[in-house]
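Subject: Structure handover

Hello,

Please find the structure below. My notes follow it.

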Amino acid sequence: MSIDFLISVIITVVGASTPILFAGLGELVTEKSGVLNLGVEGMMLVGAIAGFATVDMTGNPWLAVVVAAAAGAAVSMIFAVLTLSLRANQVATGLALTIFGTGLSTLIGHGYTGRPIKPFTTLFPAALANDPIGRLFFSYSPLVYFSFIMVALVAWFLSRTRGGLILRAVGENDLSAHSIGYSVIGVRYGAVAFGGAMAGIGGAAFPLVLTPLWAEGLTGGRGWIAIALVVFAGWRPGRLLIGAYFFGLLGTLELYAKASGTVFTALLPSEGWAALPYVATVIALAIISASKAGGGNAPACLSKPFTPAA
Amino acid sequence: MLYATPVGAVIVTMIVGALVFSLITPPPQGFSLPPANPPPVDLSTILTSIGSHLWFGLQAVYQVFIAPLVTSYKWGDIAVKASPLILIGVGLAVGNRAAIWNIGAEGQYVVGALAGTGIGLLTQKMTGVWILPSMLVAGLIGGAVWGAIPAALKNWFNVNETLSSLMLTYVAIHLMNHLVTGPWKDPTGFSFPQTPLVTADQTLPILVPGTYVHLGIVITLVIAVIVWFLMSRSLFGFQVRVVGAAPSAARHGGFSQKATVWMVFLLSGALAGLAGIFEVTGPFGQMSLGFPQNYGFTAIIVAFLGRLNPLGVILAGIVLAITYVGGDMAQSVLQLPNASKGIFQAMLLFFLLASDILIRYRVRVVSSAPAPMPNAAVARSPAE
Amino acid sequence: MTDIAPRLGLRGITKRFPGVLANDNVSFEVKPGEIHALLGENGAGKSTLVKMIYGIMQPDAGEMLWNGERVTIASPKAARKLGIGMVFQHFSLFEALTVLENIALGMDANIPQRELEGRIRAVMTQYGLKLEPHRTVSTLSVGERQRIEIVRALLLNPKLLIMDEPTSVLTPQEVEQLFVVLRQLAKEGCSILYISHKLHEIKALCDTATILRAGRLVDTCDPKVETSRSMAEKMIGGNLKTIQKPAGREFGAEKFVVTQLSLPGAGPFGVALHDISFRVRAGEIFGIAGVAGNGQNALQLALSGEQTTSDAQAIRVDGEGVAKLDAKARRLKGIATVPEERNGHAAVPDFTLSDNSVLTGRDRLKLAISGILRPGAAKKYTSEVISSFAVKATGTEATAGSLSGGNLQKYIMGREILQRPDVLIVNQPTWGVDAGAAAAIHQALVDLAAEGSALVVISQDLDELLELCDTLAVINGGRLSRAMQVSGVDINEVGLLMGGIHGGSAPVESAAPGAIGVGATSAA
């Protein structure tokens with residue numbers, strides 16, 4: 001196993017982890033405000049097709065990222081209106097959003113199957129990536145670096161800013177926040193929109209960073225893994241980063257299993273490797289949820305609708 | 001109001017759906033920017049454009065919702081598709097009443113089908129009246145076992161059942177892919193990834209000659225009625241409702257939350273598994289890569305649209321089955337991708353959830369008691 | 001003499017809600033530096049009035065004057081800007097955050113943490129309030145939590161401080177400490193609007209008392225001149241009835257014995273029970289006093305069977321050990337309990353009263369046989385309860401959530417009492433209940449005891465316990481004091497026991513947060 005091969009593996013894992021990381025960060029902020037949005041998979045798909053279509057039409061990947069974020073946020077507003085203003089059940093609405101987003105992205109993406117687009121070029125000039133170390137650090141698309149920046153930004157926002165404090169307060173005790181005078185609904189709308197935007201970018205990362213093609217349902221359940229990840233990370237951005245990369249690694253193993261043939265498949269048939277991330281998620285959830293620390297860290301108002309008395 | 005809103009949701013979906021599809025009339029080659037020298041735009045071009053878009057939208061709604069109803073030879077199809085939706089939907093309705101969210105019904109459906117198929121492969125060379133029932137029972141058990149896993153995880157490890165049951169769905173599908181392309185592949189099937197066809201003894205009796213309408217449909221309806229009786233008249237139904245409405249009160253009343261979780265998951269898992277084996281011994285005749293039809297997910301919509309009442313689920317199942325058949329018709333007539341029926345189905349659920357506020361708001365106004373202080377609602381307890 | 005404008009003036013304030021007139025043409029004034037009581041029972045309109053003063057709601061009619069000038073107080077922020085501070089009865093605190101973060105959230109301006117901490121320490125020194133800014137709120141006692149609210153209000157340099165039922169969660173000693181702070185504030189010129197229904201406190205603390213009843217102002221008087229009884233009668237609007245306790249009661253054999261009952265705390269914030277022991281004879285009413293959050297809920301769950309222990313003999317009924325049995329089995333043995341939380345624990349708000357009867361009565365009353373419900377029998381029983389206990393409801397099919405607090409509590413009590421339990425344990429029987437319903441409930445409890453049942457009454461209201469009970473003990477930090485005869489009890493000693501003798505109290509018990517609580521709603 002040469003250094004080059006190892007570096008290639010790492011680069012692949014980074015690519016695979018980036019969508020999960022974006023979606024997970026968005027859902028983390030949403031949940032911190034007390035809202036459980038299960039529509040991540042649907043929002044990611046909408047972002048993916050929005051980004052894909054934008055690049056196909058304009059050739060500008062930066063614009064595609066913006067459009068993907070906007071599309072994800074827009075679709076998340078359906079969820080927000082239903083659950084925040086109309087007080088619908090959050091679980092059912094989130095599921096409906098996933099089904100909707102899946103159908104919508106398939107419908108829009110119908111004419112695009114099989115057409116490649118220009119993927120995101122790397123951020124740093126190719127010259128920097130000549131040697132293995134250079135490749136390890138400098139050969140990624142801008143979205144990857146952006147994802148790291150977002151982790152830091154979200155962590156800083158939540159723990160050090162007044163806005164983050166208010167968001168956390170709303171998630172811990174919405175009635176108290178309301179009586180102090182904060183707009184619980186307003187904060188939650190913002191949190192949901194952020195979650196939608198991040199999911200949209202995460203979805204767009206599939207065609208822009210990984211494989212520059214469109215396929216129906218190309219996120220393959222990653223949105224659900226992102227949601228599980230937030231629980232697994234105890235609602236902390238730093239742990240989310242680690243978790244996203246862990247699951248990115250597991251997901252990559254399936255590719256290598258298929259490619260390398262017998263070595264991997266002797267251990268486990270290729271579908272077993274494909275199922276591994278999901279099994280691992282279940283086990284991780286069991287470990288975390290069973291421990292007092294894990295279960296006790298959830299924002300206290302999570303998934304409960306806000307019902308002010310007045 | 002409680003039973004009018006599903007009807008309202010259907011109507012609103014049709015109207016809004018028409019608008020949505022007018023806007024997103026997908027060009028065959030995907031969307032593109034307007035050309036550099038656009039042709040001159042005048043009022044008639046605009047009107048024609050709007051007109052043709054609207055016409056497309058209306059046609060889409062017609063194909064998905066109305067066409068199946070007026071095409072009599074499609075009625076059999078509707079019944080066939082309604083059967084799994086109703087059967088799974090009934091199980092999910094019970095679960096949702098208990099505030100237990102089984103999102104993995106699709107996985108339980110697949111595993112039930114696999115379990116039944118397994119028995120079928122073992123008994124391929126045999127004959128006997130007992131073969132079919134044993135496959136059905138295997139389907140029940142397989143689905144129940146797959147449903148027991150999220151129940152165990154919830155009871156023993158406090159794992160959120162939504163996430164665990166969903167993850168297990170993906171595992172089930174991968175398991176199915178493995179078996180169907182490998183050990184269970186039909187040796188005489190020209191290498192297609194599918195299991196052997198069921199034998200005569202393994203096929204559900206057909207009720208209406210010339211169609212796929214099978215005995216399973218009748219069994220489904222009977223089960224729905226039985227579950228309805230259970231939910232409204234039995235202590236089990238009461239227990240389910242209390243656990244869902246107020247878990248502390250349920251415990252106070254001597255009902256075990258954990259036991260309820262087990263019962264609900266075993267029931268909905270078993271019903272989903274039964275639906276799966278019905279499909280294998282009925283319309284499909286075998287299992288293949290295309291076996292999962294998303295019934296497990298659509299059944300969630302069916303459960304809600306039916307207001308979590310097994311009798312309502314029967315009607316709702318028929319409505320969603322119509323969209324399945326309609327989706328096929330829209331594809332052949334309008335070249336609309338089949339998956340777009342998901343947009344309609346999701347909208348049904350959206351509008352139903354949105355209409356819930358009308359019910360809740362009405363209840364609040366009607367029951368405004370003589371001298372309640374608005375403060376009293378905020379006050380939870382002294383020990384807070 | 002110059003006419004000093006009153007700090008706060010209300011003229012003709014009226015507020016309507018669907019179906020109820022909460023405030024009807026209320027007018028009074030609060031002078032600068034005055035401690036002004038706002039007196040009335042639950043439902044009289046005090047909270048609504050005060051919410052309008054603090055800007056949470058707007059009056060439908062009437063005007064408010066601040067230092068003689070007309071003002072419209074559009075929001076809590078506007079109120080704070082004027083100089084009005086409020087300490088709510090139900091704290092707006094965030095358990096998982098620190099004291100400093102909680103206070104920061106209550107401030108309107110964005111003050112850097114270090115400066116805020118300095119200001120907090122200054123206020124604490126000035127008024128003798130002790131707090132540790134970096135502690136998480138979940139670890140604090142109720143008295144300490146109230147201090148956070150007070151400090152938060154004081155940081156704004158208020159000219160009017162509104163205190164909403166501040167002493168319902170304090171020990172007698174903590175009440176004294178609070179009074180010291182309030183008197184100092186008043187001396188410095190801050191007006192205090194003190195909402196309470198505790199007459200002896202108002203007599204001790206306040207300069208003026210405004211009495212509300214059913215939304216109307218009944219009187220503004222001087223509590224130092226009035227008697228508690230005269231003020232109480234104005235509050236209730238009639239003659240007070242004293243409870244009819246049969247004279248010369250004798251108690252039977254020991255019926256309900258708890259021995260060394262211990263349980264670990266439920267969840268990360270739960271209170272553990274340590275070696276709780278007490279005995280109740282047939283016909284006796286045993287009271288357990290204590291400040292909220294010292295294990296009352298844990299004790300009720302342990303006695304009802306919602307929590308079981310491994311030692312069957314820890315709880316004995318007529319000599320038989322029942323501590324291993326669950327709630328269903330214990331009911332069959334004749335043990336009934338009434339939890340503190342009406343909506344969500346004792347009763348299901350969305351269910352009809354009939355269904356709520358099935359909830360606890362199905363086994364003893366045969367409301368369900370062989371797994372099939374008997375709705376006719378349930379309705380019949382519920383009708384009995386409604387008529388025996390004068391429950392104001394539209395019928396047996398009214399939902400529990402549609403009843404007012406007092407009526408729901410009467411129904412719940414009736415539901416349990418008419419099952420003729422041998423042992424009845426009630427937790428906070430009349431909390432949030434109007435005086436009429438409270439009296440009815442007290443009488444029903446006394447009557448049940450007279451028939452030979454053993455009663456355990458857990459309450460924060462010492463007055464209620466002293467009136468009802470024969471024997472009294474105090475729960476603190478999950479431990480029970482020795483039993484004392486109520487006749488001749490030393491209030492001072494009880495107060496010290498409530499405060500844990502050494503003055504501090506245990507961290508507050510609260511509901512354990514579970515995993516993502518999908519779909520499960522708690523009572524609102």
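First, a definition: helices (H or I, at least four residues) and strands (E, at least two) are DSSP runs, numbered from the N terminus. This is a predicted model, in which local features need pLDDT of at least 70, side-chain atom pairs count only at pLDDT 80 or more, and totals for chains, interfaces and linings use all residues. Residues are numbered from 1 along each chain as its sequence is written, and chains are lettered from A and ligands numbered from 1 in the order in which they are written.

**Chain B**

Chain B has 14 helices and zero strands. Its pattern along the sequence is α-α-α-α-α-α-α-α-α-α-α-α-α-α. Chain B holds 384 residues, and 55% of them count as buried. A residue is buried if 20 or more other C-beta atoms lie within 10 Å of its own, exposed if 12 or fewer, and partly exposed in between; C-beta atoms are placed from the backbone. Two residues are in contact if those C-beta atoms lie within 7 Å. Take the contacts in chain B with a separation of 6 or more: residues 24 or more positions apart account for 80% of them.

One helix pair in chain B is worth a look. Helix H3 (residues 75-97) of chain B packs with helix H10 (residues 257-284) of chain B at about 175°, their axes 8 Å apart. Axes are lines fitted to C-alpha atoms, for helices over the stretch in contact, and angles run from 0 to 180 degrees between N-to-C directions. H3(B) and H10(B) are therefore roughly antiparallel. Angles under 35 degrees count as roughly parallel, over 145 as roughly antiparallel, 65 to 115 as roughly perpendicular and the rest as oblique. Among the residues that make the contact are Val80(B), Leu87(B) and Gly91(B) of H3(B), and Leu267(B), Leu271(B) and Phe278(B) of H10(B). The contact of H3(B) with H10(B) divides into 15 nonpolar, four polar and one charged residues. Here Ala, Val, Leu, Ile, Met, Phe, Trp, Tyr, Cys and Pro count as nonpolar, Asp, Glu, Lys and Arg as charged, and the others, Gly among them, as polar.

Next, Leu311(B). This residue lies in helix H12 (residues 310-334) of chain B. Leu311(B) is partly exposed, with 16 other C-beta atoms within 10 Å. Leaving out residues up to four places away in sequence, Leu311(B) touches Ala224(B) and Trp228(B). Leu311(B) and Ala224(B) sit 87 residues apart in sequence, yet 6.7 Å apart in space, C-alpha to C-alpha.

Helix H1 (residues 3-32) of chain A and helix H9 (residues 184-210) of chain A have axes that come within 7 Å and cross at roughly 175°. H1(A) and H9(A) are therefore roughly antiparallel too. Their contact has 16 nonpolar, seven polar and one charged residues.

Where do chains A and B meet? The contact takes 49 residues from chain A and 49 residues from chain B. On chain A, helices H2 (40-58), H3 (61-85), H4 (90-109), H10 (222-232) and H13 (270-290) each supply at least two residues. H4(A) gives the largest share, 13 residues. By class, this side of chain A has 33 nonpolar, 12 polar and four charged residues.

**The sheet in chain C**

Chain C has an open sheet of six strands, in the order S6-S7-S8-S3-S9-S10, with mixed pairing. Two strands pair if DSSP finds at least two bridges between them. S6 (84-87) and S10 (216-221) of chain C stand at the edges with a single partner strand each, so one side of each has no neighbour in the sheet. The twist averages 20° from one strand to the next.

S3 (residues 35-39) and S8 (residues 191-196) of chain C run parallel, joined by five bridges. There, His36(C) stands opposite Leu193(C). Helix H1 (residues 46-53) of chain C packs on the sheet, and its direction makes about 150° with that of S7(C). Helix H5 (residues 142-154) of chain C also packs on the sheet, touching S6 and S7 of chain C.

S3(C) runs parallel to S9(C) as well, over four bridges. Ala37(C) has Ala209(C) as its bridge partner in S9(C). Five of the six residues of S9(C) are buried, so this strand is largely enclosed by the rest of the structure. S9(C) and S10(C) pair antiparallel over five bridges, and Ile211(C) partners Asp219(C) in S10(C). Their hairpin has two residues between the strands, and Ala214(C) takes a positive phi near 50°.

Best wishes
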